[in-house]
Number of protein chains: 2
Amino acid sequence: MNKGSYTYEYPRPSVTTDCVIFGFDSDGLSVLLIERGIEPFKGCWAFPGGFMQMDEDAETCARRELEEETGLKADYVEQFGTFSDVNRDPRGRTVTIAHYALVKKSEVKGADDAAQARWFPIGNIPPLAFDHDRILRVALKALREKIHFEPVGFELLPQVFTMPQLQDLYESILEVKFDRRNFASKMLKLGILNEVDDGTVRKGTRNPIKYSFNPESYSQMKAKGFRLEF
Amino acid sequence: MNKGSYTYEYPRPSVTTDCVIFGFDSDGLSVLLIERGIEPFKGCWAFPGGFMQMDEDAETCARRELEEETGLKADYVEQFGTFSDVNRDPRGRTVTIAHYALVKKSEVKGADDAAQARWFPIGNIPPLAFDHDRILRVALKALREKIHFEPVGFELLPQVFTMPQLQDLYESILEVKFDRRNFASKMLKLGILNEVDDGTVRKGTRNPIKYSFNPESYSQMKAKGFRLEF
DNA sequence: CTAACTTTGCGTAAAAATTACACATATAAT
DNA sequence: ATTATATGTGTAATTTTTACGCAAAGTTAG
């Protein structure tokens, strides 16, 4: 990372990436935020992100900043929009390429390096820096639309999960309620769930069946051309 | 637009916008391209676009470049992705914020200033400059997904159109075939079409009924929360 | 000019998908 | 010990989607 002086014939905006990190557990959908220690917006919370280097593309940058600032490596990172309002950063003209990441919260609890990083449930977001409130709204919209076509929810759940957990996830993201029985039959009919045999003999129904996601059968379905609807 | 010298502590990529312009007529879906007169990619075709100014956001820039290079003012312009591969422009690191525009081809035929601008049907695209072939593929995907949720097709048709025209449009964009009768009843059931009385007495059915899009009833439906599915 | 063909609108029966619930059972709560 | 709760399974009613027939008038071919 050379520091020095770079001169151009025309002015150029800074280019950054930001990453909205979604996690899910029994408390519902949350995002991981970082508290800003300096002005501007000192004390506000913000998404991890930073300047794009000359030798990396946007997604690479988003993954790097994500790891540097939170210690997390996310499997699933996707760009959902670029924000370029002229006055979005008081320090100077900055364009940010926004991404969202999906992480299995169960596998990373407390694994965030940054002491000032914290999970906030979607319904209880603190004041955000810059235009990050707008970015969050757009991220949520993008996630909601995405889940209608791809089973992104499985990126947010543990390897092994139950049908009620899966339903909770869909209901949290889409902010709707499904009939329990209809949801289960629809999900099972898709054929992308494997029943997991965890040894325990299932007597009664109070302890739910464990499932895992089957990426192979999903790829097959996708190849044939189908749509996942909810 | 000051020309001069602008110096920064860290290197910055150039930021441009590009605009994929979609049009539709009896020949199907096409895009408007500009032939490059200079290297690199001299003789290849490209989307209109150019450098973002410091006092405009991305969409404003896309609309400005669109008008400067083709003379067109588009009603509908939407960002669909940002392309940031390190080597996408041989002249230097450049990030482009890509948009697509929908225009009523019927109203602008031949109205493009740029002599070297030409419409190309989607099925017959010439060699494109830079990574514009990839950008086109992503644009098409974005348009296809969008049309499932919003009646963007009406931006591409004349004010007054017929049911077969509307069906052709959907079939061109989605690359599928619908049953004529089912398509019409589904469309009419949406309640966003006004029958246009053009004076002529409709004897027989060979001359089709004329319709226009009703934005008011569409807004109402949208407010109530619905989804347009095809 | 006439006959065959095509385009459009309207309508309907069959198939498929969605919706709304009932019941049984073992665990959890009181 | 009794009651309430969470889960799995199934099914009937409703709605939506699909497939296709028919009639009227313009278009085309000879």
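Chain A has six helices and eleven strands. Both kinds of element are DSSP runs numbered from the N terminus, with helices (H or I) of at least four residues and strands (E) of at least two. This is a predicted model, in which local features need pLDDT of at least 70 and side-chain atom pairs count only at pLDDT 80 or more, while totals for chains, interfaces and linings use all residues. Residues are numbered from 1 along each chain as its sequence is written, chains are lettered from A and ligands numbered from 1 in the order in which they are written, and side-chain values use heavy atoms, with hydrogens and water left out.

The C-alpha atoms of chain A fill a box of roughly 70 × 40 × 30 Å along the principal axes. Of the 230 residues in chain A, 50% are buried. Buried means under 20% relative accessible area, exposed means over 50%, and partly exposed lies in between (1.4 Å probe, protein chains only). Among contacts in chain A with a separation of 6 or more, 67% join residues 24 or more positions apart.

Now the aromatic rings. A pair of rings is described by the distance of the centres and the angle of the planes. Rings of Phe, Tyr and Trp (its six-membered ring) pair if their centres lie within 6.5 Å; planes under 30 degrees apart count as stacked, over 60 as edge-to-face and the rest as tilted. Over all chains, the structure holds 28 aromatic pairs. One of them is Tyr8(A) with Tyr8(B), tilted at 35 degrees, with 6.1 Å from centre to centre. Tyr8(A) belongs to strand 1 (residues 6-8) of chain A and Tyr8(B) to strand 1 (residues 6-8) of chain B, so this pair joins two chains. Both tyrosines, Tyr8(A) and Tyr8(B), are buried.

Each of these rings also has an arginine over its face. Arg12(A) lies over Tyr8(A), 3.8 Å from the ring centre. The charged end of Arg12(B) sits over Tyr8(B), at 3.8 Å from its centre. The criterion is NZ of Lys or CZ of Arg within 6 Å of the ring centre and within 35 degrees of the ring normal.

Within chain A, Phe22(A), Tyr76(A), Phe80(A), Phe83(A) and Tyr100(A) form one aromatic cluster.

Next, the helices. The axes of helix 3 (residues 132-147) and helix 4 of chain A come within 9 Å and cross at roughly 135 degrees. Helix 3 of chain A is therefore oblique to helix 4 of chain A. Axes are lines fitted to C-alpha atoms, for helices over the stretch in contact, with angles from 0 to 180 degrees between N-to-C directions. Under 35 degrees counts as roughly parallel, over 145 as roughly antiparallel, 65 to 115 as roughly perpendicular and the rest as oblique. Helix 3 of chain A contributes Leu143(A), Arg144(A) and Ile147(A); helix 4 of chain A contributes Tyr170(A), Ile173(A) and Leu174(A). Tyr170(A) is buried, at 0% relative accessibility.

Glu195(A) lies in strand 10 (residues 193-196) of chain A. Glu195(A) is exposed, at 59% relative accessibility. Leaving out residues up to four places away in sequence, Glu195(A) touches Ile209(A), Lys210(A) and Tyr211(A). Ser212(A) is in strand 11 (residues 210-213) of chain A. Ser212(A) is buried, at 14% relative accessibility. With the sequence limit of up to four places again applied, Ser212(A) touches residues including Ile192(A), Leu193(A), Asn194(A) and Val196(A).

Technical notes:
Contact = heavy atoms within 4.5 Å.
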